[in-house]
Amino acid sequence: MKKFDFSGWATRNNLKCSDGRTIMQDAFKDNDGQTVPLVWNHRHDGPFNVLGHAFLENRADGVYAYCTFNDTEQGRNAKLLVEHGDVSALSIFANQLKERASNVLHGAIREVSIVLAGANPGAFIDSIALSHGDAADGEAIIYTGESITLYHSDEKKDEDDVDPDEDSEDEGEETIRDVINTFNKKQKNVFFAVVGEIASRKDASDSSEKEEKRGGNETMKHNVFDNEHTGSDFLSHAEQEDIISLAKSSQVGSFQTALQIYADENNLQHDAVSSGDGNVTLLFPEYKDVRPGAPELIINDQGWISIVMKKVHKSPISRIRTGQVDIRKIDALRAKGYEKGKKKELTGNFKLVRRTTDPQTVYVKNALHRDDIVDITDFDYVQYLYMIDKMMLNEELATAIMLGDGRDDGDADKISSEHIRPIWLDDDLYTLHVDLDIAAARKELQGTNTGANFGENYILAEALINTVLYARENYKGTGTPDFFCTPHMLNVMLLARDMNGRRIYSSKAELASALNVGEIVTAEQFEGKTRTTSNNKKKKLHGIIANLADYSLGATKGGEVTHFTQFDIDFNQEKSLLETRCSGALTRVYSAIAIEEDVTETEPAGGGTVAQG
């Protein structure tokens, strides 16, 4: 008695498919000995598409299928196609696929289909939802391109052939096939449809139990007689077009938003294998840092700060005292000529100028929650905050030395100008305050010749150079001073051109030579700084010229920058204190020059305001 109509390879091992994947040995070993439906070209939408069944055998070279057609109109038609050689290839539909490095390691065959021969020579995988990763779960249609083998009733059965219908009872008893042959055509169609569905559900249940043991997902069951479409695990071409059209609309504007809207409206759910939360946004890649580790700091200009802290004179004495006597213009101190017989007069007295500077504590205090310290693993959070605190402390000290604290006098956090004396705001005996007269420079350059039209950059540069050089006549500091200014002021001078359009100064070094200074240092913190004098004049700062070796920053032992840490068990915090106690002041008279512009606004006779200068 004929047991099978034909057989063939359902899958072949170690054969690289056209999409780069390879079916590995024993990938479908769980299907060994199972019976799955035989359908036409992977159509699952009705019982009449079930042509028969296939008995699967896992071998060393792959999975071999023994196939039998039903005695139905569809089955007989398919049998004729196979016998005539019109159809001579098999294909499988599999899900629960596991893939690693383009190697398919595990899966479950759900049905075997007969497909047109020659459509896909060699192995081929038509992926439906095959994902990557160790825990990936997907499904695919897999072709092998192998020819099938026909079985006829007069052929001798091979020893390797397996007959699941073979009954061990005596020959006189009825077999299952004999019972089925008593059915009419309609009964057979219903019977084979039910058997095929039950076999599919049983295989799915077995695989689901195995997946549950490994942490997999359950397979939803449904009524075998319910042919209503209940949804699919993939989007059709029409659905994809709907999503793209929605994304192009002005109200949505992005594919991700459109996909989320479509999923919500149609009750779609993304099968998130890794988390199982069904979040459709997991289809999109995660964000990654361009520069991993600690976040990049957005900071003010720090270059001039390191120069200031490096060049000031460090003193081991925190209480600074200076004394000077100015005898340059005291006529009474002049030597006198003597006439015989006359009394010699005493030389006139002179005044001693002395000042003292006491230290003040300057600190930066912070606290970190231990939970944050433990949870942040990308970088050392404690060291990161210490670096920021140290940077802020140095900037505050450098700003107090050059410009002053900037806080109001009544502010409790103010660094007093009596303890760290700012160069810009220091007494005229120590800092020369000179005005930049741009109007006079313009008049001198232009004169009455209206054709000699110099640009504003040239006029400002010449005015500044003249002011600096004239002020240097009264400068009494040591060595060669440096010029601290805003980046804008430097650019104005470098962009100065003559009437022929040629740049006056080609580099910072050439400009520094013209200013008779050692180095030009830019500091963006100088921008927009103004002060009000004792006679209510408003002065705008353009730059400071000083040799910082004439400025003494004093701190006794123990008053230098010190870092304290303490753990607060009540609030579970790591507290940090960065502290120094120091004083600062210029120690030489006329050792600095502040270049300013008078921007005082006056009220003219006709009303309104006019800025002087």
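Author: W9 is buried, as is Y64; buried means under 20% relative accessible area, with exposed over 50% and partly exposed in between (1.4 Å probe, protein chains only). Please note that this is a predicted model, in which local features need pLDDT of at least 70 and side-chain atom pairs count only at pLDDT 80 or more, while totals for chains, interfaces and linings use all residues. Residues are numbered from 1 along each chain as its sequence is written, and side-chain values use heavy atoms, leaving out hydrogens and water.

Reader: How many aromatic pairs are there?
Author: The count comes to seven aromatic pairs. Rings of Phe, Tyr and Trp (its six-membered ring) pair if their centres lie within 6.5 Å; planes under 30 degrees apart are stacked, over 60 edge-to-face, and the rest tilted.

Reader: Which class do W9 and Y64 fall into, and why?
Author: Their ring centres are 5.1 Å apart and their planes stand at 90°, so the pair is edge-to-face.

Reader: And F379 with Y384, which class and why?
Author: That pair is also edge-to-face, because the centres are 5.2 Å apart and the planes are at 65°. Y384 counts as buried, at 14% relative accessibility.

Reader: Which residues cluster with W9?
Author: F4, W9, Y64 and Y66 form one aromatic cluster.

Reader: A change of topic: what is D550 in contact with?
Author: Apart from neighbours within four places in sequence, D550 has contacts (heavy atoms within 4.5 Å) that include Y475, T478 and R588. D550 counts as buried, at 2% relative accessibility.
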